[in-house]
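Q: I have just opened this entry and would like a guided look at it. Could we go through it piece by piece?

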Amino acid sequence: MELLQLVYFCHAAETENFAKTAREYRVPAAGISQSIKRLENEIGASLFDRSANGVKLNERGRILYKNASSALLMLEDAKKKIRDEEISGNIRLLVETNRYIVNEAIRAFREKYKSISFSISYELNNDRDKYDLIITDNVSFKKRYKSYPFLKERILLALPPNHPLAKEERVHVSKLEDEPFIISDPQSGLFTITRRICSCGQFEPKIGITANDPDSLMQYVKTGLGVAIVPEFSWHPLFSENILLKELDGVKDEYKTRPSLILCHTEKYASRATRLFIDELTKTAEQLSLF
């Protein structure tokens, strides 16, 4: 059993698509198929159910995947420990929020440590365990993670200047019951915050548009397609004279702010570079929040 066989197998198990694995590792699709077939012959059992429609991981494959993926993570951790005297390598980030702050922190960090590279994903439905750090406002999955709070900011209402509520200094949440909301992905922390705020007015938000990208979300508000619940600081670069921000009344105090966290898996080794980047991200958030 070769290490590369397990690497190919684990990726194929996650995607259930040999062609995707071949593209990921830049090898012929037939090479992936042959490698997994040799692995099955060595184990003495099929790992995928094959059909005209493709392949599907079976129960035997799931058993091997669970153990093989853990073994590969342990090997990756061992490599990090061995190299830890040198600040080098790749940091894998899942950025679910605070993209502006993360981008600034990466820029500052790369100026100090040019040998560090970053792999970044913004997909909320990703397998979180494969990342070194998760930047999130969603605190519902903190189990198995060590958390580093790095930002707490006010939550405000965003609306266009020609909106009927634009003249009000503060807006009571009950006045938003019939408003169409421009809302973020249902898996995001901001979606949860929006629902909680609306619950204070005893209504569910009427969703006009769902937008995963913060910049697109703000564009829809600017053009008058709806209102949005937004964080005051981390989205600051997206605001303009075409966006008005209002404080909300009738909302519980605990819903008026949004905490953001850096999460680090407790069962994975955090390299020296990763630990230093946590410090950089925390410092960047603190510095930028002063302006």
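This is a predicted model: local features need pLDDT of at least 70, side-chain atom pairs count only at pLDDT 80 or more; totals for chains, interfaces and linings use all residues.

Q: Which residues of α1 are buried?
A: The buried ones are Gln5, Leu6, Tyr8, Phe9, Cys10, His11, Ala12 and Ala13. Buried means under 20% relative accessible area, exposed over 50%, and partly exposed in between, with a 1.4 Å probe and protein chains only.

Q: Changing topic: how many aromatic pairs are there?
A: A search of the whole structure finds seven aromatic pairs. Rings of Phe, Tyr and Trp (its six-membered ring) pair if their centres lie within 6.5 Å; planes under 30 degrees apart count as stacked, over 60 as edge-to-face and the rest as tilted. In one of the pairs, the rings of Phe18 and Phe48 have centres 5.2 Å apart and planes at 90°, so this pair is edge-to-face.

Q: Where do Phe18 and Phe48 lie?
A: Phe18 lies in helix α2 (residues 18-25) and Phe48 in strand β1 (residues 48-51), so the pair ties together parts that are 30 residues apart in sequence. Both Phe18 and Phe48 are buried.

Q: What about Phe109 and Phe118?
A: Their ring centres are 6.1 Å apart and their planes stand at 75°, so this pair is also edge-to-face. Phe109 counts as buried at 1% relative accessibility, and Phe118 is buried with a relative accessible area of 18%. Phe109, Tyr113, Phe118 and Phe277 form one aromatic cluster.

Q: On to open space: how much lies in the largest pocket?
A: The largest pocket holds about 1,100 Å³ of space. Among its 30 lining residues, Glu14, Leu72, Leu73, Arg92 and Lys130 are the closest to its centre. On a 1 Å grid over the protein atoms alone, a pocket is an open set of points with protein on both sides within 12 Å along at least five of seven lines, a cavity is a set of points where a 1.4 Å probe fits but cannot get out, and lining residues have an atom within 4 Å of a point. Grid points are joined across faces, edges and corners, and a volume is the space filled by probe spheres set on the points.

Q: Which element gives the largest share of that lining?
A: Helix α4 does, with 10 residues of the lining of the largest pocket. By class, the lining of this pocket has 11 nonpolar, seven polar and 12 charged residues. Ala, Val, Leu, Ile, Met, Phe, Trp, Tyr, Cys and Pro count as nonpolar, Asp, Glu, Lys and Arg as charged, and the others, Gly among them, as polar.

Q: And the second largest pocket, what is its volume?
A: Its volume is about 470 Å³. Of its 28 lining residues, Glu96, Arg99, Asn212, Pro214 and Trp235 are the closest to its centre.

Q: What about strands: how many bridges join β6 to β12?
A: Nine bridges join β6 (residues 145-159) to β12 (residues 257-265), and the two run antiparallel. Two strands pair if DSSP finds at least two bridges between them. Leu151 stands opposite Ser260 in β12. Strand β6 is also joined by four bridges to β10 (residues 228-231), again antiparallel, where Leu156 has Val230 as its bridge partner.

Q: Last topic: which residues line the largest cavity?
A: The lining consists of Lys80, Tyr131, Asp132, Cys264, His265, Lys268, Tyr269, Ala270 and Thr274. This cavity has a volume of about 50 Å³.

Technical notes
Residues are numbered from 1 along each chain as its sequence is written. Side-chain values use heavy atoms; hydrogens and water are left out.
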